Structures are given as C-alpha cells and as structure tokens.
Amino acid sequence: MGLGWAYLPQPLVQPLIASGALTEVVFDNMASRMRLWVDIVWIKNRPLGLGAQRYLDLMRELAKTESRRS
C-alpha cells in the first residue's frame, strides 16, 4: 500500500531519504527504553543463509530466556 515503518541503517537509506523516496521519522523519546515487538519474516521455500539462520536462532534463544523471566 506504499506505507511501512522500519529501523534501517542511516548510511543505507540516506540516498533514498535525499531523493524523497523515504521519509525519516524522528522520535524524541527513543531513550525511554520502550520495548517494541518486531516480526521476522522470510520465505519458507527459500533456504536461509548462515547469517539469517544464526539470527533466527539467537532470537529464539532470547525469546525463551525472556519467557522464563516472566
């Protein structure tokens, strides 16, 4: 629909911001340590690379650790 939101590395998206293709949203309360939920999405019929698989493994470990603390 032409609308989305993401945390992206500034150097990666700076040309898109400069061209007007992306708009930067600046928050004044990012130091609040507010927890945000993030969805991880991938195509199941395409194998993940080693880095992506490791990232998923780490996120799963973190989720287990967090659920034990609650």
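Okay, let's start at methionine 59, which sits in helix H2, residues 50-69. Helices here are DSSP runs of H or I with at least four residues, strands are runs of E with at least two, and both are numbered from the N terminus. Keep in mind that this is a predicted model: local features need pLDDT of at least 70, side-chain atom pairs count only at pLDDT 80 or more, and totals for chains, interfaces and linings use all residues. Residues are numbered from 1 along each chain as its sequence is written, and side-chain values use heavy atoms, with hydrogens and water left out.

Buried means under 20% relative accessible area, exposed means over 50%, and partly exposed is in between, using a 1.4 Å probe and protein chains only.

Methionine 59 also belongs to a nonpolar surface patch with Ile40, Trp42, Tyr55, Leu58 and Leu62, and together they have about 500 Å² of accessible area.

Now the salt bridge, meaning a side-chain nitrogen of Lys or Arg within 4 Å of a carboxyl oxygen of Asp or Glu.

The protein has two helices and zero strands. Helix H1, residues 10-19, lies largely in the open, because one of its ten residues is buried. Just after H1, glycine 20 has a positive phi of about 90°.

And overall? Buried residues are 3% of the 70 in the protein.

Terms used
Patch = residues over 30% accessible without salt bridge, like charges linked within 9 Å, V, L, I, M, F, W, Y side chains within 5 Å. Areas by Shrake-Rupley, 256 points an atom, 1.4 Å probe, with all protein chains shown as cover.
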